[in-house]
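Thanks, everyone, for making the time this morning. Please have a look at the model while I bring it up, and then I will talk through how its copies are arranged.

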Protein chains: 2
Amino acid sequence: MSEASFDTVGIGNAIVDIIGRCDDAFLDSHDLSKGHMQLIEADEIDKLYNAMGTAIEVSGGSAANTCAGIASFGGDTAFIGKVSDDEFGRIFSHDLGAIGVTYRTERANGGLPTARSLVLVTPDGERTMNTYLGVSPELDHGAIDPAVIQAAKITYLEGYLFDRPEAKAAFHQASKIAAAAGRQVALSLSDAFCVDRHRDEFLDLIRNGVDLLFANEEEICSLYETGSFDDACGRVDNDCRLAVITRGAAGSLILAGDEKIAVDAYPVAKVVDTTGAGDLFAAGFLHGYANDKPLDTCGRLASLAAAEIISHMGARPEATLAALAAGEGIG
Amino acid sequence: MSEASFDTVGIGNAIVDIIGRCDDAFLDSHDLSKGHMQLIEADEIDKLYNAMGTAIEVSGGSAANTCAGIASFGGDTAFIGKVSDDEFGRIFSHDLGAIGVTYRTERANGGLPTARSLVLVTPDGERTMNTYLGVSPELDHGAIDPAVIQAAKITYLEGYLFDRPEAKAAFHQASKIAAAAGRQVALSLSDAFCVDRHRDEFLDLIRNGVDLLFANEEEICSLYETGSFDDACGRVDNDCRLAVITRGAAGSLILAGDEKIAVDAYPVAKVVDTTGAGDLFAAGFLHGYANDKPLDTCGRLASLAAAEIISHMGARPEATLAALAAGEGIG
């Protein structure tokens, strides 16, 4: 196996977030499921945008946020995802490049627009996402560059890719290239609703081909259709070599066969917006893991990055995570 | 004079801000004058955008920010300004409407794009703006709606309009309509460089036609080409019925003929980004003034709104200013 030139390559939907505040009544009146990601169509996103309050635009996308986080830790990372050559596509490309992520996926021309997600943040800091995928799933025609996958220690895939056939095909293509190159494959389950839509395929992947799994409590319980967190943990521990399960303020649990490590959440003065909490948690963990840190250190880096991201609006780090980690004496 | 249906109508450049952080060395290496607004062309903005770090996009524009602030205080306000029917134009329109500002200016089609400003925020919170005006100055062809001007107690104009002939013509057109309707005209000097470009015309306006002037210390000193703040204050007091001069953390000074009122700045835990400080100061003052509050109350509302805006990124209020004012017992 040749020397890896990337710690991680992330593959996912390339999205610009349109983030605004609302109250719970707004979610109810628009029939939105709090804390989840719903896919919506072009006409629906226009209607919801017209109804929502003042917003800011921030580059997003689950795996892209993770890559941005890894770059902010100082890691070498690449992202594969599709945007159009429009205003939002240029914003997305700029922001990934500016933070130091290698991003070479060709922009589409003249077809569907760049994906966008209306992110509604309630006063408790919880985010509810309404995503119009636009051109994002079109990951065919050479978007998956084998050379990049082969050059990365870890290929990190978001579960959201399963929601569209072309993106799912890209997912499988990438994970096969990684495995054939002797590299590791990491998967994020993304969203409990997403797990519900693709449970059997996710289970099959986790049992055959995923080296490292990220999920939150709700997702892992949905995966095994159980109400018992302990039950779900026992089963994923059986199915997967290494699983990291987040539980919000209750911290996280690293399940590595015989080893079981509980990691505390970092204290946060005020949870402003949880958008990207899981993505940045994964960033911290992957950064440590790719650099052969002990698992508990990976967990602490993960918690630190998650704490930074929920303390402000948007899912891209405002602080330099490398400096934060150094300040905390981790790494 | 008929009953006014708006407290204030603002007229100004319609801009989306692209806000990112940088250090002082970045400003120096790009020959940017810290704390000021520079106009740049399309090719220059692309170059600077490519060089700058991760950014967020937030609706801006000086007078538009002021209108958004007045609406957040619960005031009735309208805005006149030109965007194109592109992504940034739709963002700008949405955000003004969502906060409650009446905004009916027709969007342009197929010509220049919506204006944008690269706002570079240094670690001290100071902002340096680099604005590509695009379609914004095209305020001809009926953009200035006499009915809206006549229906507003105060017509509020930003000095930045003087930087382009069509916009300057619109400025004069609007102020004449307001005066003829027996309404008041308020002017913000916008920027010391802008004052330097248009000193004689600004002086003429202030002496003949402006009822209420907003300026900061640097702008008022530039206007009278003096290094002495006291000298500048004495002269503007002579030239203008009512002038409000801001001095950052040192508070502000209301000059109303014989009356001279000093207003403290509200304490701010951390100055995150000064973008919009003057705009929101004007919002608070105009809201009080249009509702016949005593001048010192107008000043306190102004300071409160400025304090809110500098405590976060972007020049549009995140908190509801009406609630903040009620919490402070002002109004």
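I will go from the symmetry to the interface and then to the core.

Please keep in mind throughout that this is a predicted model. Let me begin with the relation between the chains: chain B is superposed on chain A by a rotation of 180° with 0.0 Å of shift along its axis, and the RMSD of that superposition is 0.0 Å. The two copies are thus related as by a two-fold rotation axis. If you look along chain B for the residue that comes closest to this axis, you will find Glu57(B), whose C-alpha lies at 2.4 Å from it.

Turning to the interface, 18 residues of chain B are in contact with 18 residues of chain A. On the side of chain B that touches chain A, β4 (55–59) and α4 (87–99) of chain B each supply at least two residues, and α4(B) gives the most, with 7 residues.

Finally, the core: what are the residues with the most contacts inside the largest nonpolar core? That core has 224 residues, and those with the most contacts inside it are Leu213, Leu286 and Ala305 of chain A together with Leu213, Leu286 and Ala305 of chain B. To take one of them, Leu213(A), once its neighbours within four places in sequence are left aside, is in contact with Leu187(A), Ile206(A), Val236(A), Cys240(A) and Ala243(A).

Conventions. Residues numbered from 1 in each chain as written. Chains lettered and ligands numbered in written order. Predicted model: local features only at pLDDT ≥ 70, side-chain atom pairs only at ≥ 80, totals over all residues. Core = buried A, V, L, I, M, F, W, Y, C linked by C-beta atoms within 7 Å. Buried ≥ 20, exposed ≤ 12 C-beta atoms within 10 Å, placed from the backbone. Contact = placed C-beta atoms within 7 Å. Least-squares fit on C-alpha atoms with pLDDT ≥ 70 in both. Helix = DSSP H or I, 4+ residues; strand = E, 2+ residues; numbered from the N terminus.
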